[in-house]
Amino acid sequence: MALEQDQRISEVVKREQSRLRNFIRRRVPDPRDAEDILQDVFHELVEANRLLMPIDHVAGWLFRVARNRITDLFRKKRPGSFSDTAVADEDDEPLQWEDLLPSPAAGPEALYVRNVLLEELGSALDELPAEQREVFVAHELEGRSFKEMAAATGVSLNTLLSRKRYAVLHLRARLQSLYDGFTKG
């Protein structure tokens, strides 16, 4: 009986592998992540079979599991703040945002770029609602923790996280064209 079950699983894998791989690759940009998801889906099929879970429409079930794994991947990888996309130096220590700016001692062009970046960041921060700006500045620039801010202000942790998220989204959108101008020009 186990041999018969293994044979059925092998047939399903052969029949659905190509379509499922294409489905996942259209939605997941990194081929390694796509392959991981594909393997997870087939692993779950084997586990479901081992636990004798009844699956009426195997193809539909496989695609539903794949969709769920893709959603899980994007939830896990979505950066929520500037800190989540931190850059490390050669000693694998995270750089502070000031370290990402050109040094003022690197000459007049670097000084100009630094001043433009700081000016635009200041303008973008001024555009934020006061609550969002305060949370962003406290967390990113002053290094305060959300727990510390919640205790000091009485505002819930989730509210602070939400305010920071909206601030980050605005700043990213607002500074994207400046970034594109410096990196592509």
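Let's start with who touches whom along the chain. Take the contacts in this protein between residues at least 6 apart in sequence: 58% of them join residues at least 24 apart. Keep in mind that what you're looking at is a predicted model.

You'll find A124 in helix 4, which covers residues 108–127. Leaving aside residues up to four places away in sequence, A124 touches H170, L171, R174 and L175. Look at L171 in particular: 47 residues separate A124 and L171 along the chain, yet their C-alpha atoms sit 6.2 Å apart. Is A124 buried or exposed? Its relative accessibility is 0%, so A124 counts as buried, since the cut-off for buried is under 20%.

Now zoom out. The protein has seven helices and zero strands, and reading along the sequence gives you the pattern α-α-α-α-α-α-α. Of the 185 residues in the protein, 26% are buried.

Which residues form a positive surface patch? They are R26, R27, R64 and R67. Helix 1 (2–27) and helix 3 (58–77) are the elements that give two or more residues to this positive patch. Pick out R26, which lies in helix 1. With a relative accessible area of 61%, R26 is exposed, because exposed means over 50%.

Note on methods
Residues numbered from 1 in each chain as written. Predicted model: local features only at pLDDT ≥ 70, side-chain atom pairs only at ≥ 80, totals over all residues. Heavy atoms only, no water. Patch = residues over 30% accessible without salt bridge, like charges linked within 9 Å, V, L, I, M, F, W, Y side chains within 5 Å. Areas by Shrake-Rupley, 256 points an atom, 1.4 Å probe, with all protein chains shown as cover. Salt bridge = Lys/Arg side-chain N within 4 Å of Asp/Glu carboxyl O. Lys, Arg positive; Asp, Glu negative; His and termini not counted. Charge placed at Lys NZ, Arg CZ, Asp CG, Glu CD. Helix = DSSP H or I, 4+ residues; strand = E, 2+ residues; numbered from the N terminus. Buried < 20%, exposed > 50% of the residue type's maximum accessible area, 1.4 Å probe, protein only. Contact = heavy atoms within 4.5 Å.
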